[in-house]
Amino acid sequence: MRESLVLIIKVAFRNLWLYRVKTLVIAGLLCMGSFIGIVGLSLLRDVERSMQDSIISSVAGHLQVYSSKAKDDLALFGGAFMGRAEIGTMPDMVVFRELIKKHPNVADFIPMGSDMAMLGRGNELDDVLTALRTALKKGETDIIEQRKQDLTFLLQQLDRELTEREKLSSDKELMVRYRTDLKTAMEPEYLASLKILDEEKLLFLDTRIAPISGEKQPLYLMYLGTDIDLFEKNFSKFKMVEGEPLAPGQRGILLSYKVRETQLKAVVARLFDRLKKRIDRVETTIKGDADNEATAKDLPKQYQQILASLDRKESEELAAYLKSIGIETAEKELVAGLKEQLQKFLIVDDGNFKDRYAQFYERIAPKMKLYEISPGETIVLRSYTKSGYIKSVPLKVYGVYTFEGLEDSDLAGVMNITDLVTFRELYGEMNEESKKELEAMRAKSSTVVTTAAAAEDALFGESAAPTLENREIEGQAKSNETIQIKPVISDVFPISEIQNGLALNAAIRLKDGSKIDQTRAELNKMFKEAGLEAKLVDWQEATGIVGQFANIVRIVLMFALGVIFVVALVIINNSIIVGTLNRTKEIGTMRAIGAQKSFVLGIFLAETGITSLIGSILGAGLATLFLLALNHKGIPAPNDVMTFLFSGPRLYPTLQWNLVILSPLVISLVATIASIYAARHAAHVKPAEAMQEKE
Amino acid sequence: MTHAVSIEHVSKIYPLGNTEVQALHDIHLNFDVGEFTTVAGPSGCGKSTLLNLIGCMDTPSQGEVYIEGKPISKLGDKELTRLRLDKLGFIFQSFNLIPVLNVFQNIEFPLLIQGGFTSKERSDRVMELMDEVGLRAQAKQKSNELSGGQRQRVAIARALITRPSIVLADEPTANLDSSTGERIIDLMKAVNKSHKTTFIFSTHDPLVMKHATRVIRLRDGEVLES
């Protein structure tokens, strides 16, 4: 028996050598399969782990609970389309919390609710008027001239805009007023004579001219209302970048670092950031990379943004500084000269980028208003509440936060965090004060309260008077009064308010994260027994399509491996059958001189087994080296989605020895088993074939 | 005393398309131990079929073949294979050495399949036979490095390694020149004498025939002379 085995292996090896091209092809294919399998599965596991880490310790927790009456699935990072998911509510979180916290593996219960709101922004005219006012205050003639030029330019634009609106608007009266006002402001004398801080003129521009222009493009902000204290304690990736977190019982908002960097930062700085990130992270150069080239080309156009925020002293300083680093101008006049210098400064290439980036942030950025919103300022969030009203809530920005390692991620990082009380306000839940306010508003505007069933008739029935909601009303009201926004609800609230009442969903953090499924099943049982209408999902489901990413990649990977494997098996079987034809006489001879069928079978299986072992072990070896190298160097996340999946800017894959050892064994075993059919075919060669003479 | 091989009223019919071909018709033959017999006849006379039946590579359609008194028609593939291994030795027209093995390994091959020998026992037997066929110097050579005569010597050694009682040779000299062929026949005859091995071989070479102690002539599947 042993001798036979040794003989089989010996003969198999000799044959493999004899038919080495074939051996090489099959081994190569299995080597590739083994390599892709090990590398792919290792990376997948690493991504899955880091993603799990990203998700669990940013907003999801291990489990999420929400109403079982939900029409849509909970998707914390947004579904496939950015719609408003209808996930129902937990009208009183206490019931849920009390029950859930009874489970021994539950560490904490963090109530939440998220939605989207519009950020009220001023317009360009407001910005220029502010700059003009500053320049007038300081009495810097040339800067004043510069600002007036900016203003004139904007007024000309406004003139064209108004002409279009006049054709469309039904409110002729308003259009006439706008036209008259604008005409006044555009008289050459009007601005020319503005040389000192003339409050009357400035007020006119502020309150009569600026409102004519629409707002800047509205910015939609995702916000998450929660108990910030609990949130901070439970989500380890939460980190303040600037300002301070909201104190318990304090209304306000924490801006997302990512949102502020990508949407509320001055364009010139954003372009610098973008280039820097791509050069550092993705290791590209400016030259030759289409994306970078386009960004670099945009940069010199942004000089205006810098110029617009400098006063005379700052302009002089900057001009002198730019001169000191070799950027000169022949222009005598300060502003014109600085403009030319800035344009030159903003021309970047691979040689000067690093310096320019540092110089920009060191010398120019501190002089600018770098962000549209900064901690300490108050913003107005406007949302369409569930009851259909537009609700505006002023909120003080306390700070800027991020999720550590996910600074660049588009997914976890786009949520701005506010307190649950503000959330309820924006969501449209009525508290006593807002109910009273609504009553008052209804009385004032004589709105008829109607039921949903009667609404159609009330709106479109014969008795219904045409009512149109005019969004301009709000803006007008704001500009006619002084810019003092009186908060509807007070700035502070009793802590009990966020510990009771409405939440949409809640994160559940577990003590032992490995027991997610078990805990989930037990909690579900508890809900059932208590008759609580609650739905539990794990972190993966809670994050919608993002959480499914790993599964999708796994399917694709498995499919690719399957294809490689099937091709390999077809080639193996084919080669055995062709090999049988070539070796009929040899096989017949072995059979004639006393070798059993099993011996012949053994030789062919051994040939496949050895080939696949060699190939797959080689693949495993290469995969090991590759993964070790990657582990040393790390894989840079090429984009923001990948940053999230990698749970940071780089993924350092780990080697899984069990995968390295098991893969070749499994591959060889499967290949060998799959070749049994063809090998049996070979074993059926008749011993009499030995006698056949080829003529 | 039992015959080495007994063939009793054996017929063999092969299907050929929709018809049948009668390769052997009611053959009745006995081979005694130690005979040196040749089966002669033109192509298609049934030589090969007869040898296949004696060689346990095929079973008769009718009648019975006895190898040392043991009937083969009821045996399955496994038993037939074992019988070939233990009782029979084969020499082929085109030598049929296993290409990936060297001289020593080719000769050793049946012993390894048979099993139950120590490596020394195997080596001793192989060496002895290599001496006998005069190939000791070529022990490490591959079959494709040998001449035709040398290859057939290896084949003879391989056929004898399990000490079979019967050696079957299918036209052993057909692929050799006449002087080499003669030397091979001499060798076979010497072995036949020294080992008391029964030799049955087919040929249509008259030179070979004259060395035989008995000549069986076949024509159209029937025995003309025995």
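Mentor: Helix H2 (residues 20–60) of chain A packs against helix H27 (residues 597–633) of chain A at an angle of about 40°, and their axes are 7 Å apart. This is a predicted model, in which local features need pLDDT of at least 70 and side-chain atom pairs count only at pLDDT 80 or more, while totals for chains, interfaces and linings use all residues. Residues are numbered from 1 along each chain as its sequence is written, and chains are lettered from A and ligands numbered from 1 in the order in which they are written.

Trainee: What counts as a helix or a strand, and how many of them does chain A have?

Mentor: Helices (H or I, at least four residues) and strands (E, at least two) are DSSP runs, numbered from the N terminus. Chain A has 30 helices and twelve strands. In chain B there are seven helices and ten strands.

Trainee: How do I read the angle between H2(A) and H27(A)?

Mentor: Axes are lines fitted to C-alpha atoms, for helices over the stretch in contact, and angles run from 0 to 180 degrees between N-to-C directions. Angles under 35 degrees count as roughly parallel, over 145 as roughly antiparallel, 65 to 115 as roughly perpendicular, and the rest as oblique. At about 40°, H2(A) is therefore oblique to H27(A).

Trainee: Which hand does the crossing of H2(A) and H27(A) have?

Mentor: A crossing is left-handed if the near helix is turned anticlockwise from the far one by less than a right angle, and right-handed if clockwise. H2(A) passes H27(A) in a right-handed crossing.

Trainee: Which classes of residue make the contact of H2(A) with H27(A)?

Mentor: Ala, Val, Leu, Ile, Met, Phe, Trp, Tyr, Cys and Pro count as nonpolar, Asp, Glu, Lys and Arg as charged, and the others, Gly among them, as polar. The contact of H2(A) with H27(A) has 16 nonpolar, ten polar and no charged residues. On the H2 side, A:Gly28 lies in that helix. The C-alpha atoms of A:Gly28 and A:Gly615 are 5.9 Å apart in space, although the two are 587 residues apart in sequence.

Trainee: What span should H27(A) have, and what follows it?

Mentor: After H27(A) comes A:Gly634, with a positive phi near 85°.

Trainee: How do H14(A) and H15(A) cross?

Mentor: Helix H14 (residues 312–324) and helix H15 (residues 334–345) of chain A have axes that come within 10 Å and cross at roughly 45°. That makes H14(A) oblique to H15(A), and the crossing is left-handed. The residues of this contact divide into seven nonpolar, three polar and one charged.

Trainee: Is A:Val106 buried or exposed?

Mentor: A residue is buried if 20 or more other C-beta atoms lie within 10 Å of its own, exposed if 12 or fewer, and partly exposed in between; C-beta atoms are placed from the backbone. A:Val106 is buried, because 21 other C-beta atoms lie within 10 Å. A:Val106 belongs to strand E2 (residues 106–119) of chain A. A:Gly28, with 15 C-beta neighbours inside 10 Å, counts as partly exposed.

Trainee: Which residues touch A:Val106, leaving aside its neighbours within four places in sequence?

Mentor: Two residues are in contact if their C-beta atoms, placed from the backbone, lie within 7 Å. By that rule A:Val106 is in contact with A:Ile100, A:Lys101, A:Ile508 and A:Leu510.

Trainee: How many residues of chain A and chain B take part in the contact?

Mentor: The contact takes 24 residues from chain A and 22 residues from chain B. On the side of chain A, H1(A) gives the most, with seven residues. That side has twelve nonpolar, five polar and seven charged residues.

Trainee: What should I make of a positive phi?

Mentor: Most residues other than glycine have a negative phi. B:His9 has a positive phi, near 50°, and is found in strand E1 (residues 5–16) of chain B. B:His9 counts as exposed, with 12 C-beta neighbours inside 10 Å. B:Asn96 also has a positive phi, near 50°, but is buried, with 24 other C-beta atoms within 10 Å. B:Asn96 sits in the loop between strand E6 (88–91) and helix H3 (103–114) of chain B.
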